[in-house]
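Come along while I look up a few helices, a few loops and some backbone angles.

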Amino acid sequence: MEPRERVMAALRHEEPDRVPISFGDVVISSIFDAPPYGYRAVCAHLGIDGYAEPIVAEDAPEAVLNVDERLRRRFGADLRWIGPGSSWVPEHLDADTVRDEWGLLRHRAGAYWDLLETEAPLAAATSILDLDDYTHWPSVNDPRIAAGKRAEAQAIRDAGYAVVAVPGWAIQIFYNYFALRGFSQWLLDMVDDPAFYHALVERIVQRDIDYLGAFLGPIGDLVDMVVMAEDLGTQDSLFMSPAAYRRFCKPYQVAWVDAVRQLAPGARIMLHSCGAIRPLIPDFIDAGIDVLNPLQPRARGMDPATLKREFGSELSLIGGLDIQELLPFGSPGEVRDGAKALIDVLGPGGGYIFGPSHQIQPDVPPQNIVAMYDAALEYGRYPLPVQESQLRGGRTS
C-alpha cells in the first residue's frame, strides 16, 4: 500500500498491510537536535551524511523541522507535516532570551525554552480594557501564512504521503492563555473572575480561528489530519476537575473543531495532550476529536491496552512507546520487545499509528531509535502474529 492509503485505512479502523508509522512529525514524533545524542547522532549511526543543517524553531523546543527524507524513509514514516509560513522573526534580547510573536519572553533551558510566570505580559490585567490595550496580538492577515502552501501540500499528496497540518500558534487555545496570564492565574481566573476569563479566551479562540482560515483555507481539501495541542494533565492527575473542563475549556475546543470541520471537511482532528487525561477522553470524543496522541503510558490511567479496549472503536491512537524510561534507558532488545508489545495491544482492528509517546528526546541512544522503528516495520504487518499470551487472553485473530 502507499503510505497515505495505509494511514487512511488505519484511521477508518481497518487493518492495512502494516501498522502506519510516525517519525519526524512536529508535535507528534520529531527528534531533538541536542546532545548527548539527538538528530545528528542518529544520522551518523545510520551513515546518513550531507543532510541539510537542522532547522529548529527559535522560540520552541529544538525539535528538527526538516528531518532528512532518507531518515524518514529508513524508519517507514507514512505522514508528512505542513505548517504555515510567516514573515515574523523572533526578537533576540540576548543569546538565551527571545521575545516571540505574542510578546512572550522565552529563556533557553537546554533544548527547551522556558516561560516564567513572573514575566507573563497580561498577569496584571484586571479588566477587558487591559486586553484592548495589549499591543502584541499576533497577525492573522499576513499573506505569507499561506504562500506556497497549496503546492507544498499537493507535493506531499502526490508523493503518496498523508498530509498533517500543524497550524502554528493556532494549534492551541489554553496554552496561549496561560502563557499570557501565567499558569496559576489561568486556573484562578476560572474561579475568581470568570467574566474576564471568558473575555480573554474568546479573543484567543477568535484569533486562532482567523489564523486557521488563513492557513487551512487554501489547502483544506488536501489535508488528512489537523493537529490541536493542549496539555491538560500532569503525570498523576488533571489540571482541573472534569466539571471545570466542561465549563471553561470544552466549549472553546468545540468551536475550534467546528472551524476546522468547515475549512478541511475531510480531515481527521488529532488532539495532542500529555498526562493523566483518561477522565476527559469521553469529552474529547464528544467535542469531535478523532485521534488522540501521544498516549503517555506511565501517566495514571493511561495504560494503552485499557485505552484501546475502552475507546478504540471511537478514537484512533498515535504514539504510546514510553520515552520516560524505556527509550532512553532500555537496551535495544528491551525497546524491540516494548514496541512489539505495544503493537500487540493497539494494532488489532486498525485505528493505530505507531510512534513514541512524545518527541524523541536528546537522551535516547541512536540504537534504541533504530530498534523501535525496525520492530514496527518487521513486526507490525497484518495479520499481526498471535502470541501465546494473547491466546490465553482470548484473542484468536
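**Entry 1: helix α2.** I began with α2 and noted its buried residues, which are Gly38, Tyr39, Val42 and Cys43. I take buried as under 20% relative accessible area, exposed as over 50% and partly exposed as in between, with a 1.4 Å probe and protein chains only. Helices here are DSSP runs of H or I with at least four residues, strands are runs of E with at least two, and both are numbered from the N terminus. A reminder to myself: an α-helix has 3.6 residues a turn, so residues three or four places apart point the same way.

What do the buried residues of α2 pack against? I found α3 (69–74) and α15 (366–379) there, with contact meaning heavy atoms within 4.5 Å. After α2 comes Gly47, and its phi is positive, near 70 degrees.

**Entry 2: a note on the model.** This is a predicted model, so I keep in mind that local features need pLDDT of at least 70 and side-chain atom pairs count only at pLDDT 80 or more, while totals for chains, interfaces and linings use all residues. Residues are numbered from 1 along each chain as its sequence is written, and side-chain values use heavy atoms, with hydrogens and water left out.

Entry 3: The loop between α1 (3–11) and α2 (38–45) holds Pro36. I checked the peptide bond from Pro35 to Pro36 and it is cis, with omega near 10 degrees. Val27 is in the loop between α1 and α2 too. Val27 is not a glycine, yet its phi is positive, about 80 degrees. Is Val27 buried or exposed? Val27 is buried, at a relative accessible area of 13%.

Entry 4: I then turned to the loop between β9 (291–293) and α12 (304–311), where Pro294 is found. The bond from Asn293 to Pro294 is cis, with omega near 10 degrees. Leu295 lies in the loop between β9 and α12 as well. Its phi is near 65 degrees, a positive value in a residue other than glycine. Leu295 counts as buried, at 2% relative accessibility.

**Entry 5: α6 and α7.** How do helix α6 (residues 174–181) and helix α7 (residues 183–192) cross? Their axes come within 6 Å and cross at roughly 105 degrees, which makes α6 roughly perpendicular to α7. Axes are lines fitted to C-alpha atoms, for helices over the stretch in contact, and angles run from 0 to 180 degrees between N-to-C directions. Angles under 35 degrees count as roughly parallel, over 145 as roughly antiparallel, 65 to 115 as roughly perpendicular and the rest as oblique. From α6 the contact uses Phe174, Tyr177, Phe178 and Arg181, and from α7 it uses Phe183, Gln185, Trp186 and Asp189.

**Entry 6: Asp322.** Asp322 is buried, with a relative accessible area of 6%. Its side chain makes a polar contact with the side chain of Arg298, at 2.7 Å. A polar contact is a pair of N or O atoms within 3.5 Å; within protein, one must be able to donate a hydrogen and the other to accept it, and residues adjacent in sequence count only if both atoms are side-chain atoms.
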